[in-house]
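The sequence and the model are shown first.

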Amino acid sequence: MTREPCDGCGRSVQIAGGIANLWSFGGDRTEGLTLELADGSEFLLCYDCIERLPDDHDVTAEDVAALPSHEDRTSSGDDGGDEA
Ligand SMILES: [Zn+2]
């Protein structure tokens, strides 16, 4: 097992050492997997990102790039101050 950053959201994900078990969701407790696109490029994605990928067409590098960053959820400076 190893940890690599998700190419979609940037979060560190735990993956199996190889990519031999692609799409075998049964055994290994991994947090992501390597997705090989039709053009031969590969991306490591966590399952959250994989679920966000479109399933009505072949995934492209643009789809991966469009995935929301894990850091997008940070607060927008709201520290509870009240405005008079
Ligand atoms: Zn991700």
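This is a predicted model: local features need pLDDT of at least 70, side-chain atom pairs count only at pLDDT 80 or more; totals for chains, interfaces and linings use all residues.

Residues are numbered from 1 along each chain as its sequence is written, and side-chain values use heavy atoms, with hydrogens and water left out.

**Fold**

The protein chain contains 2 helices and 4 strands, where helices (H or I, at least four residues) and strands (E, at least two) are DSSP runs numbered from the N terminus. Read from the N terminus, the order of elements is β-β-β-β-α-α. Of the 84 residues in the protein chain, 27% are buried; buried means under 20% relative accessible area, exposed over 50% and partly exposed in between, with a 1.4 Å probe and protein chains only. A contact requires heavy atoms within 4.5 Å. Among contacts between residues at least 6 apart in sequence, 32% join residues at least 24 apart.

**Zinc site**

The zinc ion is coordinated by the SG atoms of Cys-6, Cys-9, Cys-46 and Cys-49, at 2.3 to 2.4 Å. Donors are N, O and S atoms within 2.8 Å of the metal (3.2 Å for Na, K and Ca); water is not among the atoms, so sites may look incomplete. The angles among the 4 donor atoms span 105 to 117°, and the site is tetrahedral. Four donors count as tetrahedral if all angles lie between 85 and 135 degrees; four count as square planar and six as octahedral if opposite donors are over 155 degrees apart and all others between 65 and 115, and anything else is irregular. For four tetrahedral donors the ideal angle at a metal is 109.5 degrees.

Along the sequence, the donor residues follow the spacing C-x2-C-x36-C-x2-C. Cys-6 lies in the loop between strand 1 (2–5) and strand 2 (12–15) and Cys-46 in strand 4 (residues 42–46), so this pair ties together parts that are 40 residues apart in sequence. Cys-6 is buried, at 5% relative accessibility, and Cys-46 is likewise buried, at 1% relative accessible area.

**Strands 3 and 4**

Strand 3 and strand 4 run antiparallel and are joined by 5 bridges; two strands pair if DSSP finds at least two bridges between them. Gly-32 has the zinc ligand Cys-46 as its bridge partner in strand 4, while Glu-36 stands opposite Glu-42 of strand 4. The hairpin formed by strand 3 and strand 4 has 5 residues between the strands, and Gly-40 takes a positive phi near 95° there.

Strand 4 is mostly covered, with 4 of its 5 residues buried. Leu-33 belongs to strand 3 and is buried, with a relative accessible area of 8%. The C-alpha atom of Leu-33 is separated by 8.8 Å from that of Gln-14, a residue 19 places away along the chain.

**Salt bridges**

Side chains of opposite charge can pair when their charged atoms come close. A salt bridge is defined here as a side-chain nitrogen of Lys or Arg within 4 Å of a carboxyl oxygen of Asp or Glu. By this rule there are 2 salt bridges.

| Salt bridge | N to O distance |
|---|---|
| Arg-3 and Glu-31 | 3.5 Å |
| Arg-11 and Asp-48 | 2.8 Å |

Arg-3 lies in strand 1 and Glu-31 in the loop between strand 2 and strand 3 (32–36), so the pair ties together parts that are 28 residues apart in sequence. Arg-11, in the loop between strand 1 and strand 2, and Asp-48, in helix 1 (residues 47–52), link parts of the chain 37 residues apart.

Arg-3 is partly exposed at 45% relative accessible area, as is Glu-31 at 36%. Arg-11 is partly exposed at 27%, and Asp-48 is partly exposed at 36%.

Asp-63 is located in helix 2 (residues 61–65). Asp-63 is buried yet has no salt bridge, and the nearest side chain of opposite charge, Arg-52, is 13 Å away. For charge, Lys and Arg count as positive and Asp and Glu as negative, while His and the chain ends are not counted. Leaving aside residues up to four places away in sequence, Asp-63 touches Leu-53, Pro-54, His-57 and Asp-58.
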